Amino acid sequence: MSTFQYENIFGQIKLGYVIAQSQKFDEWISFMQKCLGLHLAEYTEQQLSFRIDDYQKRFIVQRGDAEDVTHIGFQVENQQVLDQILGRFDFRGIQYTQGSVEDAGNRGVKSFWALKGPKEIQVELFIEEVRVDQPLNMLASGFYTADSGMGHVAITSRKPEKMIRFWQEFFDARLTDTIEQKINGVTLDVTFLRLNERHHSIAVAETRGVHLDPIRTAIQHMNLQVLDLEDVTMAYQRCKDHGFPVAWEVGQHTNDREVSFYVASPSGFEIELGWAPIKIDEGTWQPVKHTSISVWGHHPKPPTKMHKFVHEFGQISQSIKKLRHDEYSPID
Ligand SMILES: [Fe+2]
């Protein structure tokens, strides 16, 4: 009988790239380059890609109808970490495949492995990125990545226990903290998971009681961390000037202390642009529970009556539609 040796891989995985599928290339360019201040690195009929550091590609938009995030790429430290994660998938009977050379090129990585992850998001693993030495040409002064990786993603889930267990079981994710907040009579519980020094790389949000998922897209938001507070405030103003709908005004979170704002992307999911989140000291950190999302600000943008009606009706029908379909999880 074969046995599998589990080795701790915490701290050796970080968010590497995100791929969205969209038909709205012009809006994405205007949004990412002219408003949030990223470097537009590639523009073909089939794909856009943006840089935030010396990686060739960090945020990729591929031509397609989903208007959603479809793939999330995680960078692992070395071959042993990759073997450890793939070994865990083998042990649990979870199927994965190696990506093609062409697809690796489209992602700006040397090679990668992929599996159907929670909520059918394609989860991808790579060791080595392609780097470029052309200077960045962008409105933001810079983005923080380094050992923290690229920002974070927040996912709403109707199977939060399975969703959380997936990241813990295969990526050795640790619980940083939780937030419980009442919004319009519904209690929202958010679990913040870290893979490295970053306060969280993944947040999982659930509604208490019946788990509803009012969000059409697979992720609720993707966060990017800028180097300067002015990168947040100037991008906020540019989003307003270009007519991109700010969803939550500038504010500061209770848990990671990040100063940020949220804006709806051309595909509907939100981007959080933030500054100065805390890093976790593994020697002293104790998970805590917060009872509000923000210390100050982050006020939801007051919607017009029509917007409110369409939006809330859309969300209710979306939630009901989703209740009829099972949320996919690779583990049972
Ligand atoms: Fe966030």
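Q: Which residue stands opposite valine 288 in β17?
A: Strands of a sheet pair through backbone hydrogen bonds, either parallel or antiparallel. In this predicted model, the residue facing valine 288 of β17 is aspartate 177. As for the strands, β10 (residues 174-183) pairs with β17 in the parallel sense, over three bridges.

Q: Where does β17 stand in the sheet?
A: Look at the strand order: β17-β10-β11-β12-β9-β13-β16-β15-β14-β18, an open sheet of ten strands with mixed pairing. β17 (288-290) stands at one edge and β18 (294-297) at another, each with a single partner strand, so one side of each has no neighbour in the sheet.

Q: By how much are neighbouring strands turned against each other on average?
A: Ignoring direction, the average for neighbouring strands of this sheet is 25°.

Q: Which strands does helix α5 lie across?
A: Helix α5 (residues 229-242) lies across β13 (221-226), β14 (246-253), β15 (259-264) and β16 (270-275). Against β15, α5 runs at about 25°.

Q: Now for helix pairs: at what angle do α2 and α4 pack?
A: Two packed helices are described by the angle between their axes and the distance between the axes. Here, α2 (residues 79-91) and α4 (residues 160-171) pack at about 120°, and their axes are 9 Å apart. The two helices are therefore oblique to each other.

Q: Which residues make that contact?
A: From α2 you get Ile85, Arg88 and Phe89, and from α4 Phe166, Glu169, Phe170 and Phe171. Sorted by kind, the residues of this contact are five nonpolar, two charged and no polar.

Note on methods. Residues numbered from 1 in each chain as written. Predicted model: local features only at pLDDT ≥ 70, side-chain atom pairs only at ≥ 80, totals over all residues. Heavy atoms only, no water. Axes fitted to C-alpha atoms, helices over the stretch in contact; angles between N-to-C directions. Helix = DSSP H or I, 4+ residues; strand = E, 2+ residues; numbered from the N terminus. Parallel < 35°, antiparallel > 145°, perpendicular 65-115°, else oblique. Contact = heavy atoms within 4.5 Å. Nonpolar A, V, L, I, M, F, W, Y, C, P; charged D, E, K, R; others polar. Pairing = 2+ DSSP bridges.
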